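Open the model in your viewer and keep the selection panel at hand. Each stop below says what to select and what is there.

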Amino acid sequence: IQGALSEGPLQGKRVLVTSGPTHEPIDPVRYIANRSSGAQGTAIANALMKLGAEVVFVTGPADAARPDGVHLVEVQTAAEMMDAVRGCLPADAAIFCAAVADWRVVSASDSKIKKTKGGLPTLEFAENPDILATVSQMDDGRPGLVVGFAAETDDVIDNATAKRLRKGCDWIVANDVSPATGIMGGSENAVTLISDGGSEAWPRMGKADVAEKLAARVAQALIK
Ligand code: CTP
Ligand code: CA
């Protein structure tokens, strides 16, 4: 097990990271989900551990291999992710990389929905809890630094800036995931870090480099 290094600026700091998609069941064989490989969240967990942090990694069913040395909590649905996050607090910082499904199917069927029944199924949706907003707005036990991600296809900076204010997180990492960028599913990312001090566009770089740059910023923020 790799785990937190015994030296480094984040030694003794506990950081929670959410990662991957959530799966919301329709029936035992079908689900709705967001696209997310889990690569960026995994890279962030690894970068934080390199700086000495203890990392709690709450992940949905992502393709990316689980990082070694984290406290691993695996979930399927947004509701389970919300419960897991609550159960893993307190933390010094929390970074929300997960692509949480915004809606769940109200009454998922216990048995497979068959085409032979005829007609089209109708699905009723309910909104999932907003984990980032919930943690950002906690009166008791809010992590000192709360970071969200905003994957947008249009008006990226405006949307992400509004999202930061609406949810109440400290920083939001905005990225343009429109198909032309080729970012979704790729190994690179081009992000803008938005805080109350304004926005800072980082050049396009590997996801591991984005992770290391962000982890360094987290360290700066936690030790000052
Ligand atoms: N997030 C979360 N819980 C949710 C939805 C989103 O914790 N139920 C977090 C994500 O992990 C991310 C941030 O909120 O850090 C922004 O997610 P995004 O899907 O961009 O925001 P939404 O408020 O869901 O808005 P949109 O309508 O653009 O999907
Ligand atoms: Ca969403």
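In what sense do S6 and S9 pair, and over how many bridges? The model is predicted. Select both strands: S6 and S9 pair in the parallel sense, with four bridges between them. Ala94 sits opposite Val146 of S9.

Val15 has Ala93 of S6 as its bridge partner.

Now show the side chains of S6. In a regular strand, side chains alternate between the two faces of the sheet. Ala93 and Ile95 point one way, Ala94 and Phe96 the other. All four of these residues are buried.

Next, select helix H1, residues 39-50. Its 12 residues should span 16 Å at 1.5 Å a residue, and the end C-alpha atoms are 17 Å apart, which agrees. Of the 12 residues, 11 are buried, so H1 is largely enclosed by the rest of the structure. Among the buried ones are Ala39, Gln40, Asn46 and Met49. Show the neighbors: the buried residues of H1 pack against S1, S4, S6, S11 and helix H5. Step just past the helix to Gly52, which takes a positive phi of about 100°.

Last stop: ligand 1. Select the 16 residues that surround it. The closest are Phe96, Val100, Ile131, Leu132 and Gly148. S9 gives the largest share of this shell, four residues. Helix H3 (131-136) supplies at least two. Color the shell by class: 10 residues are nonpolar, three polar and three charged.

Key:
Residues numbered from 1 in each chain as written. Chains lettered and ligands numbered in written order. Predicted model: local features only at pLDDT ≥ 70, side-chain atom pairs only at ≥ 80, totals over all residues. Near = placed C-beta within 6 Å. Nonpolar A, V, L, I, M, F, W, Y, C, P; charged D, E, K, R; others polar. Expected span 1.5 Å × (residues − 1). Buried ≥ 20, exposed ≤ 12 C-beta atoms within 10 Å, placed from the backbone. Contact = placed C-beta atoms within 7 Å. Pairing = 2+ DSSP bridges.
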